Amino acid sequence: MNKEKIAILGGGVGALSAAYALTKVPGWQDRYDITVYQTGWRLGGKGASSRRHFNGAWRIEEHGPHIWFGFYFNAFRIISEAYDYCQEHNLTPESPFQSWTDAFHPKRDGTFMEYVGRCWRPWVVSMPDRSGSPLEPGDPHIWSHILDAIGLLLDWHDVVEERVAGNATNKRSSGWASAVAKIYARVTAFFGQPVPRPQGESLLHKAHAIAKAPQMHPRARPSGFASLLVRLGQWLLKHLVKAFRNRLRRDIDHLLEEHADLRHFWEMLDIGATSIYGLLADGVLSKGYDAIEGIDFSRWLEKHGCTEYWSPPIHGIYDSGAHYENGKAAPAGKPNVRPASANLAAGTAVQALLRMFAGYSGAFSYKMQAGMGETVFTPLYLALKHLGVKFAFFHRTMALGLSHDRTNVDTVQMEVQAKVRGGAEAYEALMDPIGGIRCWPAAPLYGQLEDGAELERSGVDLEGSDSVEPRRIRTLSRGNRFGTRIRSALEANGSRRQHRADPICPALGNADIRAIMRRGQSARGGGLCRTVLNLAGHESGAGARGMARFCRGTEHPLLCRSTGRNPRRAAFG
Ligand SMILES: Cc1cc2nc3c(=O)[nH]c(=O)nc-3n(C[C@H](O)[C@H](O)[C@H](O)COP(=O)(O)OP(=O)(O)OC[C@H]3O[C@@H](n4cnc5c(N)ncnc54)[C@H](O)[C@@H]3O)c2cc1C
């Protein structure tokens, strides 16, 4: 039987997730011949890391700090299975990481930076553990997230309430609320005057009680009179949350300037309560998140009465994902002023925040215990390779040729940057273990390459856009080496130069990409071959979004698309 040849272009997390999903198809070895074509010598893309010998030690080199949030259910499932596979087949016998729990440790707090009094100060937020582990997804319905978010607001409000009343008792004997309450107990002494007890608590409790009623869950699908009551319940809930926020603000406003920790809780309550109100007011429950994709997130918060629409948690999100048109962030010295260029689709942002803060299982986040390359991409690479997926390193995709009707990729043109001794797929990409861990080297393992010494001397950047002279071009053609599945468009490893790289297929407009994606989605083993194009998404990780969808369900927190104000970027969502 002719196997369907599948070319996966690029080897980031999206690509490897796609390869992994294909290996889950029963009898895939008889049906598919899968090759991952990666420029340069290592996998991982924006998640790559490697080791370089420096000052007598093998230093980890990363793109940046890497954690996984506790709601990355697909990612944790895949990585736990990869670790299990490696252990079962003895692929990393010396590694200290034999299971995902060895490699990922819970991390419960995060830090925002706020600019107050002309200096930057850390603002640490701790999050409570929730039941289960990230291998056990909770109810993904937006209603469950709203319910859990109200629960979280109640916890935060308890702290505010105790703090304001000067009454920081150990109401809870354990958990994060009591820890924070203790901190507040210490600062209570700073209060110079008796402070009124805010009246908001009961409003929020009422809202919570309404949201908790099983009949209120949209899956209950009530009919007749009951459905009228549910609508009334939603209306009530919306107004209770809003009234809670407004009243709380009124009650504690005079304290905020002086008491930074109180202000922190207020800002989170304001953002959280407004988000819940906005979701209900804009009919997102029935229309879905797309109903608010056309408006920028912080402007959406402002529209619904949030006063803290540009507080550190919010502009931190914009900064971390570079959600500014043309890269124009806040002017120097004015980080607290929202720049006109801020542009992040509200639906995606609020969904990400709800999942991040109210939709996780186990810990809020998990920190890798070594480089992301070695904790994520090593087990995936070893498991996929052992399963029979092929890896062709040193293959840089240069151009895609479209079919006449522009709904297929007919050709993929690649530069073969280096010839591997023993054939393109014979390259062994990992270096000898360091402390038992199989790592990615910071440079190609030249000894495995024909003319390796010469290539090393030339200093050419095999992950950049430089070509190796003389050029060796390899072309894959549909019906011969691959077929039709496209998920996103070219960007690349996150370097500035690569951001500006020429598109690999200038002829490919958004409409074509959509058509090809539709074909890919419907082409369940129909054609002889396919291509999975994973040369990264736009600056928001849309590549990962596409691939995560491929593996059923999005999960990245910052898969934030821009709003319709920039349709070119929005098209990749
Ligand atoms: C500094 C930084 C920190 C981050 N921190 C986190 C974090 O803590 N948690 C988290 O979940 N996410 C984090 N992210 C986001 C995450 O890393 C990305 O969303 C994710 O790696 C994107 O995966 P991808 O497969 O879509 O694309 P990429 O990782 O970009 O993969 C694309 C692949 O294609 C290859 N490629 C590109 N062009 C070509 C070509 N012409 N020919 C052949 N191959 C090519 C690239 O080399 C790469 O291997 C961070 C990102 C950055 C930049």
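**Questions on a predicted model**

Analyst: In this predicted model, Cys-86 has a relative accessibility of 2% and therefore counts as buried.

User: Is Cys-306 buried or exposed, and what is its relative accessible area?

Analyst: Buried residues are those under 20% relative accessible area. Cys-306 falls under that cut-off, so it is classed as buried, with a relative accessible area of 3%.

User: How many disulfides does the model contain?

Analyst: A disulfide is a covalent bond between the sulfur atoms of two cysteines. The criterion applied here is a pair of cysteine sulfur atoms within 2.5 Å. By this rule, the number of disulfides is 0.

User: Is Asp-33 buried or exposed, and in which strand is it found?

Analyst: The relative accessibility of Asp-33 is 16%, and because buried means under 20%, Asp-33 counts as buried. Its place in the chain is within residues 32-37, which form strand S2.

User: Which residues is Asp-33 in contact with, leaving aside its neighbours within four places in sequence?

Analyst: Contact requires heavy atoms within 4.5 Å. With neighbours within four places in sequence left aside, the contacts of Asp-33 are Lys-3, Glu-4, Lys-5, Ile-6 and Lys-390.

User: Where is Gln-351 placed, and why does it count as partly exposed?

Analyst: Gln-351 belongs to helix H13, residues 346-358. The partly exposed class lies between the buried limit of 20% and the exposed limit of 50%. Gln-351 is partly exposed because its relative accessible area is 23%.

User: What separates the C-alpha atoms of Gln-351 and Leu-279?

Analyst: Along the chain, Gln-351 and Leu-279 are 72 residues apart.

User: What is the order of the strands in the open sheet of 3 strands?

Analyst: The pairing in this open sheet is antiparallel, and the order is S5-S9-S6. Strand S5 (67-69) and strand S6 (104-107) each pair on one side only, which makes them the edge strands. Neighbouring strands are turned against each other, on average and with direction ignored, by 35°.

User: How many bridges join S6 to S9, and which residue is the bridge partner of His-105?

Analyst: S6 and strand S9 (residues 365-368) run antiparallel and are joined by 4 bridges. The partner of His-105 in S9 is Lys-367.

User: Which helix packs on the sheet, touching S5, S6 and S9, and which lies across these strands at about 95° to S9?

Analyst: The helix of residues 73-88, whose direction makes about 125° with that of S5, packs on the sheet and is H3. The helix of residues 372-387, running at about 95° to S9 and lying across S5, S6 and S9, is H14.

User: Over how many bridges do S11 and S12 pair, and which residue in their hairpin takes a positive phi?

Analyst: Strand S11 (residues 395-402) and strand S12 (residues 409-416) are antiparallel and pair over 7 bridges, including that of Leu-402 with Val-409. Their hairpin has 6 residues between the strands, and the residue with a positive phi near 60° is Arg-406.

User: What is the average pLDDT of the chain, and how many contacts does the stretch of residues 533-573 have beyond near neighbours in sequence?

Analyst: The chain averages a pLDDT of 82, and 78% of the residues score at least 70. Over residues 533-573 the pLDDT is below 50. Where pLDDT is low, the predicted coordinates should not be read in detail. With that caution, the number of contacts of residues 533-573 in the model, beyond near neighbours in sequence, is 143.

Note on methods: Residues numbered from 1 in each chain as written. Predicted model: local features only at pLDDT ≥ 70, side-chain atom pairs only at ≥ 80, totals over all residues. Heavy atoms only, no water. Helix = DSSP H or I, 4+ residues; strand = E, 2+ residues; numbered from the N terminus. Buried < 20%, exposed > 50% of the residue type's maximum accessible area, 1.4 Å probe, protein only. Pairing = 2+ DSSP bridges. Axes fitted to C-alpha atoms, helices over the stretch in contact; angles between N-to-C directions. pLDDT = per-residue confidence, 0-100.
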